[in-house]
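Here are my notes for you, written as numbered points. Keep the model open while you read and look up each spot as we get to it.

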Amino acid sequence: MTLDPDDYTVDELREELDGIDDVEEVREALETERSGAERKTALEALEERLDALDADSSDDEPTRDKKHVRALVGGDYADMWVFCETQHGELLDVSKEMLGKARELMDGYAEDFGDEEDVVAFLIGDGCADLAEECIAYGADVAVYHDDDRLERFLHKPYTEISAHMARGQGTTESTDWRSYDEPRYTLFPATNNGRDLSALVQAELDSGLASDCSDLFIQPEEVSNPVKTGEPGVKKTFERTLHMKRPDFSGFEYSTILCLDNPDRDFHPQGASVIPGAFDVPEPDHDREGLVVEHDMELEDEWFSVDIESHDTLEAGVDLTGHEVVVCLGRGIGDDPTLGMELGLELVDAFDDAALGITRGIVTSSYQFDGHVEQYSKEERQIGETGQEVEPPLYIAAGVSGAVQHKVGVDESETIVSINTDSDATIRDFSDYFIEGDLFDVLPMLTDAVKSGELTVEAVADGGETDE
Amino acid sequence: MEVKPMSETRADGGSDDYEHYEAVVVGCGPGGAAAAARLAEHGIETLVLERGVEAGSKNVSGGLIYAEDSAPYTIDDLFPDFREEAAERPVTDYHIHNIDGRQVTTYDLTDLHEHDTDWCDAVLRRTMDSWLEQRVHEKTSETGGGVLTGVRVNGLLRENGEIVGVTCDELDPIRADYIVAADGVNSELARAADLMDWDEPDEWFQGVKAVVDMDADVINDRFSIEEGEGVAHLFSGDLFEDVRGGGFLYTNEDTLSIGTVFHLDSLVAEEAEPHELLDALLTHPLLAQWFDGEYNELEYSAKLVPDSKKVAHREPYADNLVLVGDAGGQMQAQGPIIKGMNHAVTAGALAADAYALTRGNADPEAAGRRYTTMLEQSGTMGKLRPRRYELTSTVGEHDLVTRAVEGVLNSPVGSVAIGNPIAKRLLPKAYNSPFLVGMLPDTSMAYTTLPSLIGEKHGRTVHWENEIEPPTLEERIGDLTYNTDVGNPHIRLQDESFEASGAAVYACPVSAEDFGGGCYRAETVTTNGSEEKLVSLDTQPCVECGTCAIVADTEWTHPRGEKGVEFKQG
Ligand SMILES: Cc1cc2nc3c(=O)[nH]c(=O)nc-3n(C[C@H](O)[C@H](O)[C@H](O)COP(=O)(O)OP(=O)(O)OC[C@H]3O[C@@H](n4cnc5c(N)ncnc54)[C@H](O)[C@@H]3O)c2cc1C
Ligand code: SF4
């Protein structure tokens with residue numbers, strides 16, 4: 001519908017124009033006014049709006065180049081699209097889970113409605129061609145991918161533009177002739193951090209809705225009497241092939257089923273959902289499955305990359321105590337002189353070729369004042385046990401550790417456990433291979449000397465070494 | 001199933017305003033369950049929020065629930081199958097044992113116990129509360145609400161200073177026209193509303209309990225009872241040295257609940273270790289007859305208990321919030337009677353009725369005022385805060401009086417007085433008179449001096465040997481189930497000096513001097529040559545009893561929903 005300026009007073013026209021973002025529409029209205037009423041103030045208003053819109057399109061402030069995207073009416077829709085998120089060159093599990101679910105849904109769809117429609121995987125990234133192949137193995141019929149080294153990491157603007165471009169079937173004939181519909185019938189995104197962002201942006205770009213964080217999906221007809229949807233009060237209308245998207249209600253004791261239904265004068269397609277990771281099972285891949293892999297074709301504009309990722313960080317994994325030959329663990333037995341105890345433990349660690357120092361929770365939560373040079377060893381990242389790390393080295397040496405069950409579960413699998421304790425009734429004795437009854441402040445230096453002089457090796461301790469029992 | 005067309009609800013799950021319920025009940029113990037069930041019966045849309053994985057997983061009680069003849073509501077009024085489905089054995093036999101070394105004097109307390117009692121059953125809270133949760137969920141679902149577990153309410157939502165809802169760790173704030181705080185002892189809501197404080201140890205008891213495995217047949221045999229019968233034994237005297245309090249033993253279907261209840265101020269003053277006091281009871285020769293050398297402890301647990309005589313709030317409301325049960329201090333402990341659950345049920349139901357009666361009244365405090373009146377008029381407040389206690393306590397608890405009386409009792413004259421034949425007849429009468437028991441002053445005289453003098457004069461001597469070995473604290477902690485919120489301690493020490501927080505090293509039921517595996521540990525630390533005694537805290541072994549909220553300088557909250565300890569018995 002074009003705007004006829006004659007229908008409005010100049011004031012009304014001004015107001016109306018504010019809502020129009022389409023340059024062509026304003027231009028046409030300007031022509032109409034020129035050839036018709038030729039109201040000076042109206043012309044001014046139209047020209048002003050035109051200027052403003054021109055300025056907008058040359059202005060690269062992101063908020064200003066918002067375009068109003070028109071929803072379709074009576075569009076042609078088919079297929080279930082699945083955004084397959086990747087990380088470090090691999091498909092996320094949730095991508096595979098969604099492909100498995102999509103496969104199941106579309107197989108059922110073919111049976112229920114007699115139409116075979118496809119599962120279409122879409123991928124965006126750097127070097128995702130191989131992953132597109134993998135999507136076929138996990139159940140996709142078609143995998144569309146866009147490769148570009150600038151897309152290595154998730155970026156809102158280009159990822160959104162590409163997804164929408166893919167969904168609308170834009171691009172060269174060769175890259176789009178496998179399909180003949182306007183937009184996907186259904187689209188699934190993972191409810192991951194990036195997937196949630198992308199789902200909202202893409203569905204908005206396509207002017208549809210979104211059911212976020214879904215935990216179940218099924219397709220069935222739905223009879224609706226709401227006049228907003230049926231067009232007239234009192235009339236029932238059946239929406240065929242409706243994707244039912246179940247999500248935990250805010251309260252958790254009920255699930256809401258969200259439906260994305262067309263209005264009489266405005267389509268809500270694709271019917272879109274984001275899916276909670278783990279909601280569905282990862283399917284068995286079938287590497288013999290055949291499917292079509294399509295490279296998507298699109299020019300990416302430079303300004304979409306105005307956001308630069310200058311640095312990135314993998315979250316601090318802390319200290320890894322696993323994979324060492326020896327782990328020396330200190331407990332609250334060092335309490336009489338915590339700093340010295342720590343030093344003695346570290347000296348023993350250094351005497352071995354490949355050893356690490358661990359501590360009990362009793363140390364982590366103590367009020368011990370460690371001197372600066374050993375303080376770093378008293379932190380949670382070195383805690384061994386139920387709520388810390390689990391280790392299973394060939395040799396585990398526990399000094400001044402009582403051996404509470406929550407500590408035990410973290411070291412149980414060690415091949416040889418040697419403990420040093422002044423208390424011969426300490427629980428740790430029950431699961432030690434060698435128990436040295438003695439003061440760690442005396443015993444640790446002796447052990448260190450023995451290891452240094454070569455008299456004590458892992459084997460020697462395992463053979464009995466010079467220990468008591 | 002709720003079907004919402006896309007254009008009507010916001011499909012992104014967001015909402016411009018907070019969720020609203022007509023009533024929100026915080027906590028699904030007996031008080032919360034009663035309130036919610038009654039609210040639903042009035043057709044009120046009610047949401048119940050419970051922080052445990054399941055109702056009961058956070059709760060501990062000694063174990064007797066009473067149905068009083070005089071109470072306006074009892075639990076089986078509200079939940080008709082309660083006794084068959086959720087309770088253990090009824091109490092058909094009731095005794096108190098005064099202990100003085102190996103000398104034990106036993107009195108039959110059945111009269112006192114049956115005074116105003118329609119029935120009384122032993123319960124285990126996990127079984128009981130989880131059953132209640134199911135019933136409450138069924139009832140509240142019918143009026144558009146339900147029970148939501150794993151959600152910890154952490155504060156009050158206020159608008160222009162007025163309470164309009166609650167805030168939670170797990171969900172967005174929720175608005176409500178009526179809020180029932182049934183969140184138990186150490187109620188964070190009562191504190192947030194400035195209705196209760198956690199300052200004075202003498203306002204609280206600490207209960208510590210072991211649930212002990214025993215076949216039903218063996219129980220029947222050892223306690224000389226039949227199926228469908230049960231016993232309650234109370235213990236007082238010098239078992240616990242100078243710490244004021246006593247012990248109990250109740251029979252369940254196929255377990256025993258054995259525990260101790262002490263005045264918190266006395267525990268602190270005596271630097272007593274709660275687990276050792278429990279062990280003193282468990283290993284006393286008197287108990288040997290029931291264990292026969294076998295002891296298999298299923299669960300060790302602890303909880304603070306408010307002393308209603310001192311803290312039951314006389315006007316337990318603020319704006320549209322009311323307090324119910326332990327949250328409002330409604331825990332009656334007078335002499336050997338311990339009644340908390342029954343009063344919570346009554347109060348919960350009354351709080352619901354008060355709202356139903358004042359529904360539509362524009363004044364947010366209308367329901368609270370009505371609830372207060374109903375507590376008074378039903379006689380509930382009178383039981384919680386007996387007038388005669390208020391008259392006697394000022395004298396009875398006065399140190400000088402105590403010392404004088406004890407002095408006399410300990411003198412030959414006093415002992416003779418106790419030991420004479422008239423006293424022998426009068427003493428059981430005194431114990432069996434609810435009026436006199438209500439007057440028992442809270443001094444060591446009532447708990448220790450008098451009982452041990454009675455024991456000395458009238459007791460029989462127990463010659464059995466009790467050879468059981470209760471588990472160590474380390475083993476007890478190891479047997480509990482925890483869902484640790486790694487990196488999120490729920491209690492923080494504000495002052496780690498021994499003066500400020502050292503009491504917790506003793507009073508915390510999962511800490512002990514020279515035990516490195518507990519919550520609170522005393523440590524001698526040398527800084528720049530000078531020695532200092534400090535306290536350190538690890539919240540992982542915490543059983544959420546609330547003790548250190550009162551005896552140490554902490555910033556104290558409960559763990560987030562589903563986190564922390566999970567009781568299987570309770
Ligand atoms: C839910 C939960 C989770 C937990 N998770 C963990 C966990 O992941 N890891 C963990 O370690 N703990 C964990 N704990 C705590 C655990 O129970 C113990 O508290 C902790 O391991 C005790 O540390 P410790 O052995 O250093 O101290 P203590 O138990 O105090 O033992 C110190 C030992 O040193 C001995 N000793 C004293 N002086 C000397 C000396 N001079 N020479 C030699 N020996 C001496 C003593 O005899 C004693 O046996 C957890 C607890 C809970 C409840
Ligand atoms: S840490 Fe505090 S709340 Fe936890 S068990 Fe000990 S005293 Fe009770």
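**Notes on the model**

1. Let's start with a ligand: a backbone N or O atom of Glu386(A) lies 2.9 Å from an oxygen atom of ligand 1. Next to look at is Thr387(A), where a backbone N or O atom is 2.7 Å from an oxygen atom of ligand 1. From chain B, a polar side-chain atom of Gln540(B) sits 3.3 Å from a nitrogen atom of ligand 1. Each of these is a polar contact (a pair of N or O atoms within 3.5 Å; within protein, one must be able to donate a hydrogen and the other to accept it, and residues adjacent in sequence count only if both atoms are side-chain atoms). Taken alone, ligand 1 exposes 980 Å², and the protein buries 90% of that (accessible areas come from the Shrake-Rupley method with a 1.4 Å probe; for residues, only the protein chains shown count as cover).

2. A word on ground rules: this is a predicted model, where local features need pLDDT of at least 70 and side-chain atom pairs count only at pLDDT 80 or more, while totals for chains, interfaces and linings use all residues. Residues are numbered from 1 along each chain as its sequence is written, chains are lettered from A and ligands numbered from 1 in the order in which they are written, and side-chain values use heavy atoms, with hydrogens and water left out.

3. Who else is around ligand 1? There are 34 residues around it, and Arg332(A), Thr360(A), Ile384(A), Ser402(A) and Gln406(A) come nearest (a residue is near if one of its heavy atoms lies within 4 Å). The site is shared between chains, because residues from chains A and B surround ligand 1. By class, this shell has 10 nonpolar, 19 polar and 5 charged residues (Ala, Val, Leu, Ile, Met, Phe, Trp, Tyr, Cys and Pro count as nonpolar, Asp, Glu, Lys and Arg as charged, and the others, Gly among them, as polar).

4. Ligand 2 has 14 residues around it, and the closest are Cys508(B), Cys542(B), Cys545(B), Gly546(B) and Cys548(B). The shell around ligand 2 splits into 11 nonpolar, 2 polar and 1 charged residues.

5. Now the interface: 40 residues of chain B are in contact with 40 residues of chain A (contact means heavy atoms within 4.5 Å). About 3000 Å² is buried between the two chains, with carbon and sulfur atoms giving 54% (buried area is the accessible area, 1.4 Å probe, that two parts lose on being put together, summed over both).

6. How many salt bridges cross the interface of chain B and chain A? The rule finds 2 (a salt bridge is a side-chain nitrogen of Lys or Arg within 4 Å of a carboxyl oxygen of Asp or Glu). Arg332(A) forms a salt bridge with Glu523(B), and their closest N and O atoms are 2.7 Å apart. Remember Arg332(A) from point 3: this residue is also among those that come nearest to ligand 1.

7. Within chain A, Arg289(A) forms a salt bridge with Asp141(A), the closest N and O atoms being 3.2 Å apart. This pair links distant parts of the chain, 148 residues apart.

8. Most residues other than glycine have a negative phi, and most peptide bonds are trans. The peptide bond from His269(A) to Pro270(A), however, is cis, with omega near -5 degrees. Arg241(A) has a positive phi, near 50 degrees.

Definitions and conventions: Helices (H or I, at least four residues) and strands (E, at least two) are DSSP runs, numbered from the N terminus.
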